[in-house]
Structure formats: C-alpha cells, structure tokens
Amino acid sequence: MTDVFLNGTFVSAAQASISPMDRGFLFADGVYEVIPAFNGVLFRLNEHLLRLQRSLSALQIQNPHSAQVWQALCKELLVRNGRGNSSVYLQITRGAPEKRDHGFPVPPAQPTVFMATSPIPASSISDSAAAPGAAAIVADDIRWGRCDIKAIALLPNIMLRQQAIAAGAAEAILVRDGLVTEGSSTNVFVVKDGEIATPPCSRMILAGVTRELVVELCRQHELPLAEQEIPRERLYDADEIWVTSSSKDALPIVSLDGHPVGSGRPGPRWRALAQHFLNYKQTVCRLA
Ligand code: PDD
C-alpha cells in the first residue's frame with residue numbers, strides 16, 4: 001500500500017479519508033497538477049508550481065504552501081513510495097465547509113490538500129528508433145471557456161478520452177470553431193513541410209509544461225516552430241502530429257481517424273525533437 005499526503009500528514013492510502021462536504025467532491029471546486037519525477041528527480045517543478053499558483057489565483061483559493069514546502073512534500077512522498085519514474089498528483093480544493101452553497105464559504109474553509117504518486121510508463125522518446133506511435137481521433141471540443149485553469153472538473157475530458165478509447169485510439173484531438181485546441185489531456189503539435197506548429201496559449205487550452213519545454217527545445221536547436229492557429233483540415237494533410245504531456249513526453253500520432261498520418265510512422269522532426277528531449281531529461285535527471 002502506498003502512502004499519500006492529506007492535509008498535513010502522510011498516511012497509507014487506505015487510511016486517508018475526506019469529508020463528503022468537501023467542495024472538490026460536491027462541486028469539483030479545486031485544481032490539480034501532475035508533476036513527473038524521473039530517477040527520483042522532479043522534472044520542471046518550478047514551472048508546475050507557477051501554473052498551480054495561476055490556477056489557484058484564478059479560483060481565489062489561497063496557496064496553502066510555499067514552493068519550498070511543496071518541493072519538500074513531493075520529495076518525501078517519492079522517497080516513501082519508491083524513487084523510480086513516478087508522477088506526483090497534487091490536488092487542492094476549497095475545503096469542506098459545514099453547508100453546501102455555491103458561493104465561496106465565508107469565512108474561507110481550510111483548503112484540502114491531497115497528494116499521491118503513480119508510476120510513469122516508459123516513454124516513446126526513450127527508444128525513438130523503436131517507437132510505434134499511437135492513434136488519435138478528432139472530436140469537437142465540448143469544454144468550458146477557461147481551459148487555462150487546471151481544474152479538477154474533467155467530465156468533458158473524460159468523455160472525450162473514452163470516445164477515443166472506444167475507437168481504439170489513445171487520444172482525442174479537439175477542435176473548436178474549426179481550429180485545433182489541444183488533446184483531451186495533452187497539447188498538440190502539427191508538422192507540415194518541415195514547419196512545426198502548435199496553437200498559441202489562450203483561455204481555450206492548458207499551457208502545458210511539456211508544451212513549453214518542446215517550444216524551448218525547438219527554438220534552441222533551430223527546429224522551425226510557430227505558435228499559430230491550426231485549422232482542422234491541417235490535421236488531415238499533416239506530415240506529423242505529436243501530443244505532449246507530463247506523463248507522455250512527446251508522443252507521435254501515426255494514425256488519425258483510422259487514416260495514416262504522413263508515412264504512418266514517427267517522422268523525422270519528431271525523431272530530432274525526441275533526441276533533444278531525451279538529452280535534456282538525461283542531463284536534468286542524471287539518468288544513465
Ligand atoms: N494532463 N492539456 C490538458 C487538457 C491536460 O490535461 C494536460 C495534462 C496537458 C499537458 O500539460 P503538461 O505538459 O503540463 O502535463 C494539456 C495531465 C497529465 C493529467 O490530467 O493527468
């Protein structure tokens with residue numbers, strides 16, 4: 001049984017309990033982060049904590065911990081649960097006031113803080129020569145107008161992912177008003193004639209920490225990249241599509257709605273990016 005962190009204490013997962021009055025349970029009134037750790041080293045921790053602060057500020061929830069304390073809590077949880085490649089899931093809700101009321105509780109309730117770890121499966125970038133790539137579908141983006149907040153309210157994302165699974169695919173690539181936004185739990189990159197494009201940050205997408213790193217790596221290594229709007233049709237004549245997230249790194253999509261993307265295999269731009277990504281990860285996380 002693994003340990004979790006709940007409201008100031010580390011306990012075994014079976015012993016952790018939360019009030020049914022918790023606003024996370026009643027209203028999905030909370031935010032979360034998923035922070036990967038490789039070889040026990042937290043990856044892009046500062047960027048995750050900055051985004052956490054932005055999500056909390058948008059919902060007017062007080063950040064219960066300083067960056068130093070978050071770092072110490074993440075490290076302690078990783079040590080307790082085994083240091084390999086795991087992600088730290090961290091959730092903060094507006095707490096458990098006595099009565100259910102849509103308005104924020106006055107005075108504010110103590111936020112509920114929950115943290116757990118789970119193992120990260122091997123990434124396609126670790127062996128880019130052998131990476132098979134994954135399938136995706138295209139679906140209408142049925143989410144709300146503040147997708148920049150990493151809110152725990154994920155019902156549309158869950159439904160969209162399930163739609164992908166039912167079609168035998170790994171991810172749903174979302175389109176709103178004819179433009180690609182992101183995946184159900186990933187950001188999207190599209191390559192055409194060597195040019196890499198990804199939708200710009202706005203309230204319609206989550207500013208992915210992995211997206212930001214991929215943009216940085218492309219700029220640093222002179223892979224041509226533009227943050228620009230991507231019309232739905234571009235998906236169907238793309239040479240390459242990648243989806244990025246903290247648990248998938250950069251995953252090549254080789255089949256879309258049952259049709260091959262480009263050659264139907266991970267493409268040359270992805271292989272170049274994957275190598276830079278892996279080098280960066282190996283350096284930062286002191287991997288062998
Ligand atoms: N999801 N877009 C959405 C809607 C997401 O849920 C995520 C992450 C991303 C990628 O963000 P990042 O690179 O910072 O992980 C983009 C996490 C992993 C999840 O919900 O489990």
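This is a predicted model: local features need pLDDT of at least 70, side-chain atom pairs count only at pLDDT 80 or more; totals for chains, interfaces and linings use all residues.

Me: OK, which domains does the assignment give?

Reply: The domain assignment lists domain 1 (3-120) and domain 2 (126-285).

Me: And how far apart are the C-alpha centres of domain 1 and domain 2?

Reply: Those two centres lie 26 Å apart. In the contact, 25 residues come from domain 1 and 22 residues from domain 2.

Me: Let's pick a residue. Where is Arg44 found?

Reply: Arg44 sits in the loop between β4 (41-42) and α2 (45-58).

Me: Is Arg44 buried or exposed?

Reply: Arg44 is buried, because its relative accessible area is 9%, and the cut-off for buried is under 20%.

Me: Then what does Arg44 touch, apart from residues up to four places away in sequence?

Reply: Val209, Leu213, Glu216 and Tyr280. With Tyr280, the side chain of Arg44 also makes a polar contact of 2.8 Å.

Me: Now salt bridges. How many by the rule used here?

Reply: The count comes to 18 salt bridges.

Me: Give me one. Which residue does Arg23 pair with in a salt bridge?

Reply: Arg23 forms a salt bridge with Asp29, and the closest N and O atoms are 2.8 Å apart. Arg23 is buried at a relative accessible area of 4%. Asp29 counts as buried too, at 10% relative accessibility.

Me: What about Glu33 and Arg51?

Reply: Their side chains also meet in a salt bridge, 2.8 Å from N to O. This pair links distant parts of the chain, with Glu33 in strand β3 (residues 30-38) and Arg51 in helix α2, 18 residues apart. Both Glu33 and Arg51 are buried.

Me: And Glu76 with Arg80, how are they placed in helix α3?

Reply: Glu76 and Arg80 are 4 residues apart in helix α3 (residues 67-81), so about one helical turn separates them. The salt bridge between their side chains is 2.7 Å, N to O.

Me: Is Glu76 buried or partly exposed?

Reply: Partly exposed, at 33% relative accessibility. Arg80 is partly exposed as well, with a relative accessible area of 40%. Elsewhere, salt bridges that share partners join Asp141, Arg143, Arg176 and Glu182 into one network.

Me: Change of topic. Which residues make the nonpolar surface patch?

Reply: Ile142, Leu155, Ile158 and Met159 make a nonpolar surface patch of about 420 Å². Met159 is in helix α4 (residues 155-166). Met159 is partly exposed, because its relative accessible area is 49%, while exposed needs over 50%.

Me: Last one, Val261. Where is Val261 found?

Reply: In the loop between β15 (259-260) and α7 (268-284). Val261 counts as buried, at 3% relative accessibility.

Me: What is Val261 in contact with, leaving aside its neighbours within four places in sequence?

Reply: Val261 is in contact with Ala238, Asp239, Glu240, Ile241, Ile253, Val254, Ser255 and Leu256.

Notes:
Residues are numbered from 1 along each chain as its sequence is written. Side-chain values use heavy atoms; hydrogens and water are left out. Helices (H or I, at least four residues) and strands (E, at least two) are DSSP runs, numbered from the N terminus. Buried means under 20% relative accessible area, exposed over 50%, partly exposed in between (1.4 Å probe, protein chains only). A polar contact is a pair of N or O atoms within 3.5 Å; within protein, one must be able to donate a hydrogen and the other to accept it, and residues adjacent in sequence count only if both atoms are side-chain atoms. Contact means heavy atoms within 4.5 Å. Patches are made of residues with over 30% relative accessible area and no salt bridge: like charges are joined within 9 Å, nonpolar side chains (Val, Leu, Ile, Met, Phe, Trp, Tyr) within 5 Å. Accessible areas come from the Shrake-Rupley method with a 1.4 Å probe; for residues, only the protein chains shown count as cover. A salt bridge is a side-chain nitrogen of Lys or Arg within 4 Å of a carboxyl oxygen of Asp or Glu. Domain bounds come from an automatic or database domain assignment.
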